[in-house]
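Please look over the sequence and the model before reading on. The paragraphs below go through the structure one part at a time.

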Amino acid sequence: MSGSLAIVGIGPGADEWVTPEARALIEAATDVVGYKPYLDRLPLRTAQRRHASDNRVELDRARHAIALARAGNCVAVVSGGDPGVFAMAAAVFEALDQDGAGDLDVRVAPGVSAMQAAAARLGAPLGHDFCVISLSDNLKPWDLVARRLAAASEADFVIALYNPASKARPRRIFDAFALLRAKKDGATAVAFARAVGRSDESLVLTTLADADPSIVDMATLVLIGSSATRFVARGGAARPWLYTPRSAGGRA
Ligand code: SAH
């Protein structure tokens with residue numbers, strides 16, 4: 001007997017950013033699997049079984065979810081943001097790749113990723129070519145992170161940095177800024193978007209030269225502009241908008 005496995009993105013925090021599809025899949029689940037703070041955000045029924053786990057055991061969590069589904073349960077694995085961006089979907093497919101996928105009924109439900117939520121708050125900083133890099137060196141060597149930051153700077157992408165800092169790696173964001181400052185203009189726009197969509201949301205706009213990386217924590221998404229990213233002044237004390245024009249390289 002085989003059940004089903006839905007890998008569900010629940011957005012970065014705000015209830016209105018949970019899609020109707022995600023809501024329906026979670027409601028239909030007999031078993032909900034995920035990192036505990038994400039499960040705590042969901043209005044689960046008492047009949048629904050919760051399987052909370054630690055943050056750094058994605059592959060074990062994926063295998064547990066697959067086993068529950070193979071045993072006939074209707075399982076939802078939840079991820080913050082989008083499940084395909086540095087999150088559970090890849091862990092589930094990695095487990096299926098290693099152990100065999102068989103005929104398991106698997107479905108991925110997209111969610112609003114932190115970069116999209118941050119971009120919407122700020123204006124349109126991702127309006128032209130951009131790239132996304134996780135600063136975590138849990139699953140890759142720092143040398144590779146450094147090479148990618150250098151290449152992205154060289155190519156003049158807007159850069160979105162996920163996992164910019166954690167208690168175990170408080171200094172990596174300083175290393176990243178040192179590298180970016182060596183490659184890019186000090187006037188480059190920088191945004192620190194923290195806890196977007198949650199009650200403790202904060203947004204800081206600055207430049208590469210002035211940015212203070214010590215305010216960055218693991219709930220922060222860091223955006224580094226391209227050479228074309230611009231501030232748009234607003235009236236009064238309002239924070240300027242931030243956007244990247246749709247054209248580049250001399251095209252109007
Ligand atoms: N799957 C998630 C990303 C998981 S990695 C997504 O698509 O958004 C975790 C990182 O995402 C955090 O370290 C932080 O950089 C970013 N992040 C997640 N939620 C956020 C939020 N509400 N505000 C700002 N950044 C957030």
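What follows begins with the domains, turns to the ligand, and then visits a few individual residues.

This is a predicted model, in which local features need pLDDT of at least 70 and side-chain atom pairs count only at pLDDT 80 or more, while totals for chains, interfaces and linings use all residues. Residues are numbered from 1 along each chain as its sequence is written, and side-chain values use heavy atoms, with hydrogens and water left out.

The protein chain is divided into domain 1 (4-112) and domain 2 (115-243), with bounds that come from an automatic or database domain assignment. The C-alpha centres of the two domains, domain 1 and domain 2, lie 28 Å apart. To the contact between them, domain 1 gives 10 residues and domain 2 gives 13 residues, where contact means heavy atoms within 4.5 Å.

Which domains supply the shell around the ligand? The shell draws at least three residues from each of domain 1 (4-112) and domain 2 (115-243). In total 20 residues surround the ligand, and the closest are Asp 82, Val 85, Ser 113, Met 218 and Thr 220; a residue is near a molecule if one of its heavy atoms lies within 4 Å of it. By residue class, the shell divides into 13 nonpolar, five polar and two charged residues, where Ala, Val, Leu, Ile, Met, Phe, Trp, Tyr, Cys and Pro count as nonpolar, Asp, Glu, Lys and Arg as charged, and the others, Gly among them, as polar.

The protein covers 93% of the 550 Å² of accessible area that the ligand has on its own, with accessible areas taken from the Shrake-Rupley method with a 1.4 Å probe and, for residues, only the protein chains shown counting as cover.

Phe 86 is found in the loop between strand 4 (74-79) and helix 4 (88-99), and is partly exposed, with a relative accessible area of 43%.

Gly 80 is in the loop between strand 4 and helix 4. Is Gly 80 buried or exposed? Gly 80 is buried, because its relative accessible area is 17%. The C-alpha atoms of Gly 80 and Ile 10 are separated by 5.3 Å, although these residues are 70 residues apart along the chain, and Gly 80 touches Ile 10, Gly 11 and Tyr 38, not counting residues up to four places away in sequence.

Thr 188 sits in the loop between helix 7 and strand 9 (189-194), and with a relative accessible area of 7% it is buried. A polar atom of the side chain of Thr 188 lies 2.6 Å from the backbone oxygen of Asp 185. Beyond residues up to four places away in sequence, Thr 188 touches Thr 206, Thr 207, Leu 208, Ile 224, Gly 225 and Ser 226.

Leu 223, in strand 11 (residues 220-224), counts as buried because its relative accessibility is 2%. Leaving aside neighbours within four places in sequence, Leu 223 is in contact with residues including Leu 122, Ile 159 and Val 190.

Note on methods. Helix = DSSP H or I, 4+ residues; strand = E, 2+ residues; numbered from the N terminus. Buried < 20%, exposed > 50% of the residue type's maximum accessible area, 1.4 Å probe, protein only. Polar contact = N/O pair within 3.5 Å; in protein donor to acceptor, adjacent residues only side chain to side chain.
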